[in-house]
Amino acid sequence: MATPPPSKRARTDSSSHDNKTNGSSSTLPPLSLSILGIEPFDEFIKEVADFVHYHIANRPQIDGNIEVEAKIGILRDVSSNSRLNLPILVETILRPDWVQGQVKFESNMSMRQHKHFNGLLNDLVASSPCPPIVYKHHYLHDSFYPEADGHSGKIRVTRDEKAENQVVECVRKLKLGDLNIFSPKHRADWRITVNLEVTVPHPIGSSTFTRRKDRLSYTHEEFNIDLSQVHTGPGADPLHELEVEIARPALLLALAEKRNDPTASDLDKSGFDELIRAFVNNARILVKNADGGEWQ
């Protein structure tokens, strides 16, 4: 038989009595975060942080920069090509093994949405928040080459059209993992991708594919938000893409190393999850504001 909790001793302090007798019954008094006085850790943030940390810790042991980005788009059912429809009410992370073969992600959005986000982000720049948002306009040209060693990957050479086509990047990108997030209350979903970008020599021979990117880049604190118009060739409609990316790979790696370090302080251990929390919040804000128009 369960033992009932001991009877509580009546409070005798005058402040407690005054609060009860003088306070309005319709006024909520200050509440504790929980019965333990703490707020439970956000499972969504922890799942994303664990996912990113796992791929950082288990990445191939070759020199390169970790790229963590969240693209805004639509999750579609492969069989019907319509937007995914699940019996859930709020934002949900989809299990990676369930997604394979059933769901595809499309990052292209409508021109109307592009203009909507362009106006929203420009207004933020003009309002001069503290710290401020730094804006840059890039005209980039990407050329893709097959790998010389016979691997199925591609090498991307990026040139800056505003700097006399100077090469700014020559990389081989290795995708480490995807995490898809379904947002049924909004017109857009999102996908987190972890990549390893490896700097390589400029390839020899001819490129197999080219594209031009007209990119508006907004930097705030530790994040870049890129709004891009991508042109893939004559006669092809441009693609419109929006993504948020962690700006400093070196900081990301340093914080990841401290996350489970028993010799690190609690503040240092929590740095990685706080970075991911802000990253997720930025992606969520963009998804929420996708309601300014139809996605596609």
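1. Phe182 counts as buried, at 3% relative accessibility. Here buried means under 20% relative accessible area, exposed over 50%, and partly exposed in between, with a 1.4 Å probe and protein chains only. Phe182 lies in strand β6. Helices (H or I, at least four residues) and strands (E, at least two) are DSSP runs, numbered from the N terminus.

2. A word on the basis. This is a predicted model, in which local features need pLDDT of at least 70 and side-chain atom pairs count only at pLDDT 80 or more, while totals for chains, interfaces and linings use all residues. Residues are numbered from 1 along each chain as its sequence is written, and side-chain values use heavy atoms, with hydrogens and water left out.

3. A nonpolar core is a set of buried Ala, Val, Leu, Ile, Met, Phe, Trp, Tyr and Cys residues joined through side-chain atoms within 4.5 Å. The largest one has 49 residues. Val52, Val68, Trp190, Ile192, Phe272 and Phe279 have the most contacts inside it. Helix α6 (residues 266–288) gives the most to this core, with eight residues. A second, separate core has seven residues, including Leu84, Leu94, Val99 and Phe182.

4. Next, the aromatic pairs. The whole structure holds three of them. Rings of Phe, Tyr and Trp (its six-membered ring) pair if their centres lie within 6.5 Å; planes under 30 degrees apart count as stacked, over 60 as edge-to-face and the rest as tilted. Phe44 and Trp190 have ring centres 6.2 Å apart and planes at 35 degrees, so this pair is tilted. The pair links distant parts of the chain: Phe44 is in helix α2 (residues 43–57) and Trp190 in strand β7 (residues 189–199), 146 residues apart. Phe44 is buried at 12% relative accessible area. Trp190 is buried at 0%.

5. Tyr135 and Tyr218 form another pair. Their ring centres are 5.4 Å apart and their planes at 50 degrees, so this pair too is tilted. Tyr135 sits in strand β4 (residues 134–146) and Tyr218 in strand β8 (residues 209–220), 83 residues apart. Tyr135 is partly exposed, at 38% relative accessible area. Tyr218 counts as buried, at 2%.

6. Two arginines sit over rings. The test is NZ of Lys or CZ of Arg within 6 Å of the ring centre and within 35 degrees of the ring normal. Arg284 lies over the face of Phe44, at 4.4 Å from the ring centre. Arg277 lies over the face of Phe41, at 5.9 Å.

7. Helix α5 (residues 249–259) packs with α6 at an angle of about 130 degrees, with the axes 7 Å apart. Axes are lines fitted to C-alpha atoms, for helices over the stretch in contact, and angles run from 0 to 180 degrees between N-to-C directions. That makes α5 oblique to α6. Angles under 35 degrees count as roughly parallel, over 145 as roughly antiparallel, 65 to 115 as roughly perpendicular and the rest as oblique.

8. Check two backbone spots. Most residues other than glycine have a negative phi. Asn81, not a glycine, has a positive phi of about 65 degrees. Asn81 lies in the loop between β1 (65–77) and β2 (92–93), and is partly exposed at 38%. Glu164 has a positive phi of about 55 degrees. Glu164 is in the loop between β5 (154–160) and β6 (166–182), and is exposed at 78%.
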